Amino acid sequence: MRLLRCWLIGILLAPGTGWAEWLHDQQDIMGTEVTVTVWHDQAAAGKEAIAAVMADMRRIDATYSPYIESSELARLNATAAQQPVPISAEFSYLIERSLHYSRLSGGAFDITFASLGWFYDYRGKKKPDAEQRKNLLPAINYKFLTLDPVRHTLAFAHPNVRIDLGGIAKGYAVDRAVEILRRYGITHASVSAGGDSRLLGDRRGRPWLIGIKNPRQRGADDREVVLTMPLSDVAVSTSGDYERFFIDEKTGERVHHIINPKTGRSADSVISVTILGPQGTDTDALSTTLFVLGVEQGLALLEGLPGFDAVIIDAAGKVHYSPGLQPPSP
Ligand code: ADP
Ligand code: MG
């Protein structure tokens, strides 16, 4: 079970007194911990809303997991190099958003990283061999994705392309969760799926507290928190090199799950990136993007994106903030 990267701390849980109260649930979905906390005037309706969110998270996993053979994504990967494959409007939207961030970042965010990335096995401590690198690195290029956004079809213009939405799907899932909760009349909630969180309203008069973990320091049960941010009505995504990784015993290299599409190797100039913004789909894609780009290029990209902020921890452990989070100079 993966550890929560962002801690939601200090959540006020009222005792089960019937009417208005805080309700909370946590389940393992999408290979991570999904946590939902809501305030609802009627406990029964609040519980129903949480169940609806969990059901939607399971649907998203079953549709886009590359590991489930029957998923829409796995079936697409198997056939899209032969002919255009019809996809749902939702799938088309996720591809379109992914391509948007690929273009914006000059290919630092690229869902075709999976052409080679598929052959990493972090639990089994395996990485692709030299032959696989030679054959599959050329298949990493978002320009091989031919999306018809009107008819909703996708084709691969290269035989070895695979895609994986792991860098954007959880952020999308927390956006959907907030839409669902709103439909139930909920105005105070927090939803997180691993390192992607979305806050709806505040904690009834107080901010939610979101922690950024220390990428290198473990406490007794979990990682230490280096920084706690009081927040409301925002999406927060953290990408770190400490969630899914192994140390290559021969080289001492930390092999982790964020791949630089240019090299086919784990990105190594920073160790943690947190992005704040209005929507999880964007903060998720951007946390992965800035992780690949590093501090300088990453902060330069954010300059063109009003409404987004970043906290980046570089390889030396230094914390960098985007201008929006820095105090104004005197
Ligand atoms: P997590 O999945 O741990 O929340 P991130 O949001 O940082 O983490 O996304 C990492 C995931 O993104 C990887 O597990 C992989 O599925 C995908 N990914 C890795 N490298 C890239 C990349 N360069 N572009 C797009 N997606 C990537
Ligand atoms: Mg991400």
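1. In the predicted model, 30 residues of domain 1 are in contact (heavy atoms within 4.5 Å) with 24 residues of domain 2. The bounds, from an automatic or database domain assignment, are 6-63 + 168-325 for domain 1 and 78-156 for domain 2. Their C-alpha centres lie 23 Å apart.

2. The size of an interface is often given as the accessible area lost when the parts come together. Between domain 1 and domain 2 about 2,300 Å² is buried (1.4 Å probe, summed over both parts), and carbon and sulfur atoms give 65% of this area.

3. Four salt bridges (a side-chain nitrogen of Lys or Arg within 4 Å of a carboxyl oxygen of Asp or Glu) are found across the interface of domain 1 and domain 2. K127 forms a salt bridge with E253, with the closest N and O atoms 2.9 Å apart.

4. W118 lies in the loop between α4 (114-117) and α5 (130-136).

5. Residues are numbered from 1 along each chain as its sequence is written, and chains are lettered from A and ligands numbered from 1 in the order in which they are written. Local features need pLDDT of at least 70 and side-chain atom pairs count only at pLDDT 80 or more, whereas totals for chains, interfaces and linings use all residues; side-chain values use heavy atoms, with hydrogens and water left out.

How values were computed. Helix = DSSP H or I, 4+ residues; strand = E, 2+ residues; numbered from the N terminus. Buried area = accessible area lost by both parts, 1.4 Å probe.
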